[in-house]
Amino acid sequence: MPIKNYDVAIIGCGPVGATLVNYLVLYGHTVAVIEKHAEVFYCPRAGGVDDETRRNFDTIGVLDEIIQNGDIYEADLVLCDADERPISVLNRASLGEEHTSGHANLPVFSMFYQPNVEKTLRRAYEDSPLVDSYTGYEVIAIEEHDQSATIKYFKRGDKSEGEIEAKYIVGCDGANSFVAKQLKVDETNFDYTEKYLIIDAYVNDDI
């Protein structure tokens with residue numbers, strides 16, 4: 001079979017990759033999005049978005065749905081040390097209107113529930129004829145050519161291999177990016193040394 005060719009191949013379909021897919025569809029580009037996990041990861045790995053991110057969600061037409069689903073919200077935030085002494089407090093009520101309204105009159109900072117937002121972002125492009133989703137597929141090699149690149153992948157379940165071509169490749173595959181390593185992209189390490197604990201919980205009672 002002939003190798004399928006796309007304008008852009010996006011490797012990694014978290015919030016960044018899925019948002020980019022929707023933007024490219026707006027401009028009429030053909031897109032292949034490759035994500036090694038078959039399903040959206042079950043718990044959040046990011047928790048906050050700024051006004052520019054909300055504006056991006058609005059541009060691609062998903063912000064209203066995210067708000068209606070309760071997956072983006074304003075909240076106070078208190079970070080404490082091991083003795084429960086506050087290290088940093090974000091008290092939205094005390095910030096004042098001039099600090100809570102950012103670009104396009106949107107809040108400067110909001111909390112969000114990543115798994116549900118990812119699902120909404122994916123639903124927004126799932127019926128587009130411009131997009132092919134390779135979920136459950138892992139990239140194993142990238143070969144660069146003069147005007148394009150070949151991406152080789154396998155399906156994680158049955159190990160069946162395949163390849164596609166694209167004019168551009170975008171690595172949205174996180175901190176341990178295969179794309180960055182394969183293409184030898186330089187990285188700056190800011191040597192973050194603080195220790196912290198993140199707890200995800202389902203809250204059943206009324207708060």
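Visitor: How many residues are in the largest nonpolar core?
Guide: This is a predicted model. In it, the largest nonpolar core has 21 residues. Those with the most contacts inside this core are Ile-10, Val-21, Val-33, Phe-57, Leu-121 and Tyr-125.

Visitor: What other core lies apart from the largest one?
Guide: There is another core, of 15 residues, and its members include Ile-11, Ile-34, Tyr-137 and Ile-164.

Visitor: Let us turn to the sheet. What is the order of its strands?
Guide: The sheet is open and has 6 strands, in the order S8-S2-S1-S11-S10-S9, with mixed pairing. In general, strands of a sheet pair through backbone hydrogen bonds, either parallel or antiparallel.

Visitor: Which strands are at the edges?
Guide: They are strand S8 (131-135) and strand S9 (137-144), each of which pairs on one side only. From one strand to the next, the twist averages 40°.

Visitor: In which sense do S10 and S11 pair, parallel or antiparallel?
Guide: Strand S10 (residues 149-155) and strand S11 (residues 161-171) are antiparallel, with 6 bridges between them. For Lys-152, the bridge partner in S11 is Glu-163.

Visitor: What does H1 touch on the sheet?
Guide: H1 packs on the sheet and touches S1, S2, S8 and S11. The direction of H1 makes about 145° with that of S1.

Visitor: A change of topic: where is Ser-110 found?
Guide: Ser-110 belongs to strand S7, which covers residues 109-112.

Visitor: Is Ser-110 buried or exposed?
Guide: Ser-110 is buried, because its relative accessible area is 0% and buried means under 20%.

Visitor: Then what is Ser-110 in contact with?
Guide: Beyond its neighbours within four places in sequence, Ser-110 is in contact with Gly-47, Gly-48, Val-49, Arg-54, Ile-72, Tyr-73 and Glu-74. With Arg-54, the side chain of Ser-110 makes a side-chain polar contact of 2.9 Å.

How values were computed
Residues numbered from 1 in each chain as written. Predicted model: local features only at pLDDT ≥ 70, side-chain atom pairs only at ≥ 80, totals over all residues. Heavy atoms only, no water. Helix = DSSP H or I, 4+ residues; strand = E, 2+ residues; numbered from the N terminus. Buried < 20%, exposed > 50% of the residue type's maximum accessible area, 1.4 Å probe, protein only. Contact = heavy atoms within 4.5 Å. Polar contact = N/O pair within 3.5 Å; in protein donor to acceptor, adjacent residues only side chain to side chain. Core = buried A, V, L, I, M, F, W, Y, C linked by side-chain atoms within 4.5 Å. Pairing = 2+ DSSP bridges. Axes fitted to C-alpha atoms, helices over the stretch in contact; angles between N-to-C directions.
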